[in-house]
Amino acid sequence: SMIRAPFPGRVGLRNVSTGTYATVGTPLVSLVQTDPLKLDIDVPDKYARQLREKQPLKFVLNHPDTSIEANISALSPSLDANSRVLKARAFISNPNQSLPAGGFGTVYLSLASIPNAVVVPSQALIPEIRGHRLVLYKSGKAVSQEVVPGLRVDSLVQIVEGIQAGDTVLTTGILQA
């Protein structure tokens, strides 16, 4: 007799050999749906309010340089009580099965856009007891300038007050006497 699955996919390794007695509930083989693939995302709670369905994202696999674009299709209604993350899901088209099911990668979400933002490398920002400062290069001299930082991404910090576009910011050797 033939066993049919309710969806197309790829069959994995057999769990039983020919002639083995199998009872109800004995797993014979695994079947994995490969197109589309579900992309499950854990988003830290500090970004949870900025997510919405149909929001675009970019997924990059950790091994081959593969970048895939998708949209969030569903969001969990609440944060996970233990990990404090919001679960989100997207579907990725995988018609030629080039992406492995169960793989890991990095998801990039654009949460906000700030046109004409002034940003500096994060290593240039000097934290102090009462705020932050940068060291600027003006007229051949190093000048300390108090600033108000904004958002941080990777290795950049937005500066919302204290400098303007075009100012020269020192990034190395700034704490030397």
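Analyst: Helices (H or I, at least four residues) and strands (E, at least two) are DSSP runs, numbered from the N terminus. In these terms P36 lies in the loop between β2 and β3. This is a predicted model, in which local features need pLDDT of at least 70 and side-chain atom pairs count only at pLDDT 80 or more, while totals for chains, interfaces and linings use all residues. Residues are numbered from 1 along each chain as its sequence is written, and side-chain values use heavy atoms, with hydrogens and water left out.

User: What kind of peptide bond joins D35 and P36?

Analyst: Most residues other than glycine have a negative phi, and most peptide bonds are trans. The bond between D35 and P36 is cis, with omega about 0 degrees.

User: What is the strand order in the open sheet of five strands?

Analyst: Two strands pair if DSSP finds at least two bridges between them. Here the order is β3-β6-β5-β4-β7, with antiparallel pairing. Because β3 (37–44) and β7 (105–109) stand at the edges with a single partner strand each, one side of each has no neighbour in the sheet. For the pair β4 (residues 56–61) and β7, five bridges join the antiparallel strands, and in one of the pairings F59 has V107 in β7 as its bridge partner.

User: How many salt bridges does a search of the whole structure find?

Analyst: A salt bridge is a side-chain nitrogen of Lys or Arg within 4 Å of a carboxyl oxygen of Asp or Glu. The search finds three. One of them brings together the side chains of R89 and D40 at 2.6 Å, N to O, and this pair links distant parts of the chain, since R89 is in strand β6 (residues 85–92) and D40 in strand β3, 49 residues apart. D42 forms another with K87, their closest N and O atoms being 2.9 Å apart; because D42 lies in strand β3 and K87 in strand β6, the pair ties together parts that are 45 residues apart in sequence. D42 is partly exposed at 48% relative accessible area, as is K87 at 39% relative accessibility. The side chains of E128 and R133 also meet in a salt bridge, at 2.5 Å, N to O.

User: Which residues does G9 touch, apart from those up to four places away in sequence?

Analyst: Contact means heavy atoms within 4.5 Å. With residues up to four places away in sequence not counted, G9 touches L31, V32, Q33 and T34. G9 belongs to the segment before β1 (10–14) and is partly exposed, because its relative accessibility is 37%. Between G9 and V32 there are 5.3 Å from C-alpha to C-alpha, although they are 23 residues apart in sequence. T34, in the loop between β2 (29–32) and β3, counts as buried because its relative accessibility is 8%.

Note on methods:
Buried < 20%, exposed > 50% of the residue type's maximum accessible area, 1.4 Å probe, protein only.
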